[in-house]
Amino acid sequence: MNSRFTLVVRFFSLVVAGFSICISNQPAQASNPQTGRLIVQRSPAFGSRTYLQLWIDGSKVANIGPGHRYDESIPAGHHVLAVNYTPRTRHQPTSMQLTVRPGKIYAFTAIRESDEGVTLRQSNRIPP
C-alpha cells in the first residue's frame, strides 16, 4: 500500500513538473507578424457613468469603462470599427474604415459629441 501511494505521488509530481515546464516555455505574448495593434481610449470628458462600446467588423469586442481602454492585436487587412456609448443612447453607432498593416500601431481617442454621438479621432500620442 505504501509503495502504491509513493508511485501515485511520483506520477502526479512528474505531471505537474511537465506542465510547469510547458507553461514556462510559452512566450508571454507572441508577436504575430501578420497583425497590428489597436488602441482605443476614452476622452477624459467622455463621462463617468457611460461605457464606450466598440465593435470590430460587426462583432462587439469591448465595453470600455472609465479609466480603461481597449489595447489588443488586430489582424492585418481591412476592418470596420464602430463606437457608441451606453446606457440610453439615441444615436446609431459611428463607424470608420481602417486598413491595418502588419507591425503598425493604431491609436484612437473616443470623444462623445453631444449632438452626434461618439467619434473616433486618431491619436498622435501612443499611450504606454
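Guide: Before we start, one definition: two strands count as paired if DSSP finds at least two bridges between them. Keep in mind that this is a predicted model.

Visitor: How many bridges join S7 to S8, and do the two run parallel or antiparallel?

Guide: There are 6 bridges between S7, residues 105-113, and S8, and the two run antiparallel. To see one partner pair, look up Ile111, whose bridge partner in S8 is Thr119.

Visitor: Which strands make up the open sheet, and in what order?

Guide: The order is S4-S1-S7-S8, 4 strands with mixed pairing. At the edges stand S4 (69-75) and S8 (117-122); each has a single partner strand, so one side of each has no neighbour in the sheet. On average, neighbouring strands here are turned by 25 degrees against each other, ignoring direction.

Visitor: Where is Arg90, and is it buried or exposed?

Guide: Arg90 lies in the loop between S5 (77-86) and S6 (94-100). Exposed means over 50% relative accessible area. Arg90 has 67%, so it counts as exposed.

Visitor: What share of the residues is buried?

Guide: Of the 128 residues in the chain, 32% are buried. The chain exposes about 9,100 Å², with carbon and sulfur atoms supplying 54% of that area.

Key: Residues numbered from 1 in each chain as written. Predicted model: local features only at pLDDT ≥ 70, side-chain atom pairs only at ≥ 80, totals over all residues. Heavy atoms only, no water. Axes fitted to C-alpha atoms, helices over the stretch in contact; angles between N-to-C directions. Buried < 20%, exposed > 50% of the residue type's maximum accessible area, 1.4 Å probe, protein only. Areas by Shrake-Rupley, 256 points an atom, 1.4 Å probe, with all protein chains shown as cover.
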